[in-house]
Each structure stands twice: as structure tokens, then as C-alpha cells.
Amino acid sequence: MTLRIREDAARRIRAHAAETYPDECCGALLGRGEEAREILAVFPLRNRQERSPRNRFLLAAEDVRRAERAAREQSLELLGWYHSHPDHPPRPSEYDREQATWPWFSYVIVAIERGRPGQMTSWRLAEDRSRFLPEEIEVSSAQPAD
Amino acid sequence: MAVKVVIPTPLRPYAGKQDSVTVEARTVAEALHALTGRFGELRVHLFAEDGRLRSFVNVYVNDEDIRYLQKEATPIREGDTISIVPSIAGGS
């Protein structure tokens, strides 16, 4: 599985991670496509996890509804979610797996070490919900304006 | 009562690719039971092994979250729309 992500969207995810460090950042991935999907925009959201935002994130249902509205307004689909792992590898934790929702969503994780954003990975929950499967990320350049 | 259940995009593959399904139900619990009865593959993505709704699954009747109504016992009226919205959580 491959996830294409626009360069400016990837940059925005990294910037969000740096802005909220040492706490986790989180937001929605907006784009087009189902199996061959491309992230064209992101919708940063506020991490509602108050007890331990350094290693946990939470988005409420109303955040998801706002992200759905934002996608509709831009004629895009809500394709998944991103969050950061401060000073931790960009691999899904057991907690990520336990909390994962549905296999259809792409889950992007960006590592950020000592305030510097690093590797970005993407994952899809397996159909049997037992583990995450990696999605290869391909960063694409923005189309030149006419 | 006939109630429309809006199927969020991630769950459409398990509901015959439909974006909404109409079921007969008197409560939210009955509606979800009817939905997963018709589309068995949906069950594991909405309900945990103990038969309870998974903690990330939020259900709205029209624009009201059932947590603030009568939860799954919330009664349905003709023409109501049920929506399923996840909350998203995780972390390192």
C-alpha cells in the first residue's frame, strides 16, 4: 500500500509537531482516492488529552465532525489522522493499536526528537484489528499553477 | 420506526458500499442491532467482544450525542437519522 502526500501537507504536519513539542500533535488528513490515495491537505486539531499529552493524543467526536466538514468544504475526503511521537520512534504503539478505529483510515505518525521533526510513517489497521500494516509514503510536489 | 443510519465512509466497505441504510427500530440499540444483523462484517468494527459499543464509537440521533440522551436506549422517532462518528486516540 502506498500513501502519496503533498509536500506542503507533509511540511505542515512536521511544523505542527514542532509547534506542540514536547506534547503530541494531532490532526486530520484530507485528500482523494481509496486504495491509491493522496493527502492534499491537513486539518490540524487540538490535542484534548490533558493528563498525559506528551505521549497520548485524543480527538473528540466533535473534532472529527469538524474535520469532516472541512473536507466537504474543500471537496475532499477525510482519509485519516496524523499524530507525533515526541522522542519516540514513528511506529504504532500497542496503545495506538488498542485505540485504532477502522482499517480504512490512514494513520500517519511523525517522529520528533528534541524538537526536530524527523521520519514520517503511515499505517493501516489490519482487517482483523490485530496489528498495523505499513503504508509506504511517497511525497509529491504541488502541481504548478497555470 | 424507519430510521436512516448514515454509514461513515470507512465503514461503507462492510455495508455493501452504501452511504446510508434504513432499518426498523424503536431504539438506538435496536437500530444498531438491525444494522449489524444485516451487515455482519460491521459488527467487529462497532462492538467489542463483550458486546458493548467500542469506546471510540459515538452515536448521534439527528444532531444529539446519545451519551447526553438515553445512550443506546434512546428512542427513535419516524424520520430520525442516526450517525456514527469515531473519536480518535493513540500515542507513543
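Start by selecting A:Ala9, A:Ala10, A:Ile13, A:His16, A:Ala17 and A:Thr20 in this predicted model: these residues of helix α1 of chain A are buried. They span an arc of only 120 degrees around the axis, so they sit on the same side of α1(A). Now turn to the other side of α1(A), where A:Glu7 and A:Glu19 are exposed. Show the whole helix, residues 7–20, and you have 14 residues reaching 20 Å from the first C-alpha to the last, close to the 20 Å expected at 1.5 Å a residue.

Next, select strand β5 of chain A, residues 77–86. Nine of its 10 residues are buried, so the strand is largely enclosed by the rest of the structure.

- Strand β2(A), residues 26–32, runs antiparallel to β5(A), and six bridges join them. To see one, pick A:Leu29, whose bridge partner in β5(A) is A:Gly80.
- Strand β6(A), residues 106–113, pairs with β5(A) in the parallel sense over seven bridges. Here A:His85 has A:Ala111 as its bridge partner.

Bring in helix α3(A), residues 94–99, and follow the chain: β5(A), α3(A) and β6(A) make a right-handed β-α-β unit.

Finally, where does the largest nonpolar core have its most contacts? Select A:Ile13, A:Ala28, A:Leu29, A:Leu30, A:Val110 and B:Ala31, which have the most contacts inside this core of 60 residues. β6(A) gives the most to the core, with six residues.

Key:
Residues are numbered from 1 along each chain as its sequence is written. Chains are lettered from A and ligands numbered from 1 in the order in which they are written. This is a predicted model: local features need pLDDT of at least 70, side-chain atom pairs count only at pLDDT 80 or more; totals for chains, interfaces and linings use all residues. A residue is buried if 20 or more other C-beta atoms lie within 10 Å of its own, exposed if 12 or fewer, and partly exposed in between; C-beta atoms are placed from the backbone. Helices (H or I, at least four residues) and strands (E, at least two) are DSSP runs, numbered from the N terminus. Two strands pair if DSSP finds at least two bridges between them. A crossover is right-handed if, with the strands pointing away from the viewer, the path from the first strand over the helix to the second runs clockwise. A nonpolar core is a set of buried Ala, Val, Leu, Ile, Met, Phe, Trp, Tyr and Cys residues joined through C-beta atoms within 7 Å. The expected span of a helix is 1.5 Å times one less than its number of residues. The arc is that of the directions from the helix axis to the C-beta atoms.
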